[in-house]
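Subject: Structure handover

Hello,

Here is the structure you will be working with. Please open it first, then read my notes below.

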Amino acid sequence: MLTLSSGEKTLEARNLDASSLALLGAFCLFLSAVEYMIPKPLPFMRIGLANLPIMLGLCIFPLRSFVILICIKVFGQALITGTLFSYIFLFSFTGTFLSALFMFFLQKIAKDNITFIGIGAAGAVISNISQLALAYMFIFKESVRYITPPFLAAGLVTGIVLGVFCEMFVRRSRWIKTIIFSHGGTEARSCCSNLSFIEHKIKNRLLFYNNIFSAEMLFLAGLLIIPAVLFNPSTEYRVYQFLFFCFLVLLSGKKTDFLFTVFVTFIVIAFNLIIPYGRVLFSIGVFKITSGALEAGIHRAVTLQALVMLSKITIRKDLILPGAFGQLLGESMCIFSEIMSRKFKIKGKNIFDKNIFYKIDNLMMELSDIKFTQQPIQKIHTKPAGYVILIAVIIISWLPWFILF
């Protein structure tokens, strides 16, 4: 495994170029976007594609910069997918941080005695164990044992595959060697006039949503609403909150897959029914549907989905975080946009197509030579009507508390 000597690391720590962080952070976001589009049996399951840049960072960055790269990946991914206030972010944050830090210290301890293959496999297992622990606490309880074997097996396989890819890339990459030594179209038209009319209406809603609220005020509103969801003891009213947030997503014109939402809700409820308790409502063969298990499943499912919908309406890509980290995240977003515009350059027959290594490496070399600066974003100020709407939404979200207490 290609690593720096301790003397070179000291020099690298003093002369670390932030553009390397931004570039690898942008590749994390690109691979996260790719992975987000891949169907998964469980919404929090991850193949781990976005861990490739994290693994590359092991042989480049000291701990402080490595942690910044993890933060760019986790928070940037949440902003792109609109999941910052959802359980998906909690799973991603926990799994990524624990696995990445474990891989970092494993690489330091084992040094030249371990390859990326071993590091990738170990990181995948740690990530999956942490996510299973969260799934036990918040979603499936005792029935999590039914998904543990295939979940761990799938994670181990993908960790090994990604480790093999990373090992091959590092040994062939000019960009990696350069970094180490330098540190020491047009839209398709709808053929249906009615569909075009609907799309036009949705576009107008989205335009209104983007122009009447600032990203910061939406974020603040989300923070104020979260406790109303998480600490609401009534399943009935959590269903009401979930439906209310779904309605707001529709009004905003944002895209969402409601069929997938129904599917995930059904899966969570079904897993909770595996462990029966409470009064038996009816039986399907030998399988008994009990009141306690059904209510617990609905309670957890609508809570998780309500947070997803809340994230969609209160998190926007133009949200700028303050400080040096916010600047690095913004630069990563710029590079991410550039990667998306050049993604045709890294297509290959499969992940082990030897040409794909050179394509990725060439693209990274090209992007390293470009000076990226975050483009000034037109500052949107919340309009008076926007304040009225946000206050009304916050009050309605907290309404169950006034009814309950």
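A residue counts as buried when its relative accessible area is under 20%. Keep that cut-off in mind for what follows. Note also that this is a predicted model.

**Ser311**

Ser311 has a relative accessible area of 0%, so it is buried. It sits in helix H13, which covers residues 291–314. What does Ser311 touch, leaving aside its neighbours within four places in sequence? Its contacts are Gly82, Thr83, Leu84, Phe85 and Ser86. Ser311 and Ile226 are 85 residues apart in sequence. In space, their C-alpha atoms are 9.7 Å apart.

**Helices H5 and H6**

Two packed helices are described by the angle between their axes and the distance between the axes. Take H5 (residues 87–110) and H6 (residues 116–140). Their axes come within 8 Å and cross at roughly 150°. The crossing of H5 past H6 is right-handed. On the H5 side, the contact includes Tyr87, Leu90, Phe91 and Leu98. On the H6 side, it includes Ile119, Gly120, Ile126 and Phe138. How do the residues of this contact of H5 with H6 divide by class? There are 14 nonpolar, nine polar and no charged residues.

**Helices H10 and H11**

H10 spans residues 215–230 and H11 spans residues 235–252. They pack at an angle of about 145°, with axes 10 Å apart. H10 brings Ile225, Ala228, Val229 and Leu230 to the contact. H11 brings Arg238, Gln241 and Phe245. By class, that contact has five nonpolar, one polar and one charged residues.

**Cysteines**

A disulfide is a covalent bond between the sulfur atoms of two cysteines. How many disulfides does the count give here? It comes to zero. Cys28 is at 0% relative accessibility, so it counts as buried. Cys246 has a relative accessible area of 10%, so it is buried too.

**Confidence**

The mean pLDDT of the protein is 75. Of its residues, 77% reach 70 or more. Two stretches need care. Over residues 2–16, pLDDT stays under 50, and the model has 28 contacts beyond four places in sequence for them. Over residues 184–198, pLDDT also stays under 50. For that stretch the model has five such contacts, counted beyond four places in sequence. Where pLDDT is low, the predicted coordinates should not be read in detail.

Best wishes

Technical notes. Residues are numbered from 1 along each chain as its sequence is written. This is a predicted model: local features need pLDDT of at least 70, side-chain atom pairs count only at pLDDT 80 or more; totals for chains, interfaces and linings use all residues. Side-chain values use heavy atoms; hydrogens and water are left out. Axes are lines fitted to C-alpha atoms, for helices over the stretch in contact, and angles run from 0 to 180 degrees between N-to-C directions. Helices (H or I, at least four residues) and strands (E, at least two) are DSSP runs, numbered from the N terminus. A crossing is left-handed if the near helix is turned anticlockwise from the far one by less than a right angle, and right-handed if clockwise. Contact means heavy atoms within 4.5 Å. Ala, Val, Leu, Ile, Met, Phe, Trp, Tyr, Cys and Pro count as nonpolar, Asp, Glu, Lys and Arg as charged, and the others, Gly among them, as polar. A disulfide is a pair of cysteine sulfur atoms within 2.5 Å. Buried means under 20% relative accessible area, exposed over 50%, partly exposed in between (1.4 Å probe, protein chains only). pLDDT is the predictor's confidence in each residue, from 0 to 100.
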